[in-house]
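Subject: The structure I promised you

Hi,

Here is the structure we talked about. Have a look at it first, then read my notes below.

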Amino acid sequence: KAEKKMEQQPIQPYGGGNFPKPQKKKKKDDISVVSVHRLTRIMGSILPKGISVTADAKGAIQKMALYFTLFVLNEAIDTPGFRTKRLCSQDMILRALDSLGFHEYATLCSAYMDMYGD
């Protein structure tokens, strides 16, 4: 009965236990095409002043950019040239964009590559 009366208090670490929490590790499947910093900069240059975007929306845009990139690459590697060379070239990407229906975007990308080089 005497043991029940003397309950032990938890030991507090020195300094009250205000240690910084360890940072979460990135998941292995957490791959992004565009970094959050770069995405924020691009969105800031396009959106009107005073408009803010939540972190969830930025994450969703990152995922969409990744899925779009994988979608185009999947179409590009289905071309016969990839089977022999095992290398995806700019021309294959442009053809993939064109075959997926992104004709205007493929034309703009081609013009950009002609202007600024490889």
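What pattern does the protein follow, read along the sequence? It goes α-α-α-α-α-α. The secondary structure comes to six helices and zero strands. Here helices (H or I, at least four residues) and strands (E, at least two) are DSSP runs, numbered from the N terminus.

Before you dig in, a word on where this comes from: it is a predicted model, where local features need pLDDT of at least 70 and side-chain atom pairs count only at pLDDT 80 or more, while totals for chains, interfaces and linings use all residues. Residues are numbered from 1 along each chain as its sequence is written, and side-chain values use heavy atoms, with hydrogens and water left out.

Some overall values to begin with. Of the protein's 118 residues, 14% count as buried. Buried means under 20% relative accessible area, exposed means over 50%, and partly exposed is in between (1.4 Å probe, protein chains only). Take the contacts (heavy atoms within 4.5 Å) between residues at least 6 apart in sequence: 33% of them join residues at least 24 apart.

Now the helix pairs. For these, axes are lines fitted to C-alpha atoms, for helices over the stretch in contact, and angles run from 0 to 180 degrees between N-to-C directions. Angles under 35 degrees count as roughly parallel, over 145 as roughly antiparallel, 65 to 115 as roughly perpendicular and the rest as oblique.

Let's take α2 and α3. Helix α2 (residues 36-46) packs against α3 at an angle of about 100 degrees, with the axes 11 Å apart. That makes α2 roughly perpendicular to α3. On the α2 side the contact uses Val 36, Leu 39, Thr 40 and Met 43, and on the α3 side Lys 58, Ile 61 and Gln 62. Sorted by class, that is four nonpolar, two polar and one charged residues. (Ala, Val, Leu, Ile, Met, Phe, Trp, Tyr, Cys and Pro count as nonpolar, Asp, Glu, Lys and Arg as charged, and the others, Gly among them, as polar.)

α3 also meets α5. Their axes come within 8 Å and cross at roughly 105 degrees, which makes α3 roughly perpendicular to α5. Phe 68, Val 72, Leu 73, Glu 75 and Ala 76 of α3 touch Met 92, Ile 93, Ala 96, Leu 97 and Ser 99 of α5. This contact has eight nonpolar, one polar and one charged residues. The buried residues of α5 are Met 92, Leu 94, Ala 96 and Leu 97.

On to α5 and α6. Helix α5 (residues 90-99) and helix α6 (residues 103-116) pack at about 155 degrees, and their axes are 7 Å apart. That makes α5 roughly antiparallel to α6. Gln 90, Leu 94, Leu 97 and Asp 98 of α5 make the contact with His 103, Tyr 105, Ala 106, Cys 109, Ser 110 and Met 113 of α6. The residues divide into six nonpolar, three polar and one charged. His 103 is partly exposed, with a relative accessible area of 45%. Leaving out residues up to four places away in sequence, His 103 touches Leu 97 and Asp 98. After α5 comes Gly 101, whose phi is positive, near 100 degrees.

How many aromatic pairs does a search of the whole structure find? There are two. Rings of Phe, Tyr and Trp (its six-membered ring) pair if their centres lie within 6.5 Å; planes under 30 degrees apart count as stacked, over 60 as edge-to-face and the rest as tilted.

Phe 68 lies in helix α3 (residues 55-77) and Phe 102 in the loop between α5 and α6, so the pair ties together parts 34 residues apart in sequence. Phe 68 is partly exposed at 33% relative accessible area, and Phe 102 is partly exposed at 31%.

The other pair is Tyr 112 and Tyr 116, with ring centres 4.7 Å apart and planes at 45 degrees, so this one is tilted. Being four residues apart in helix α6, Tyr 112 and Tyr 116 are separated by about one helical turn.

Cheers
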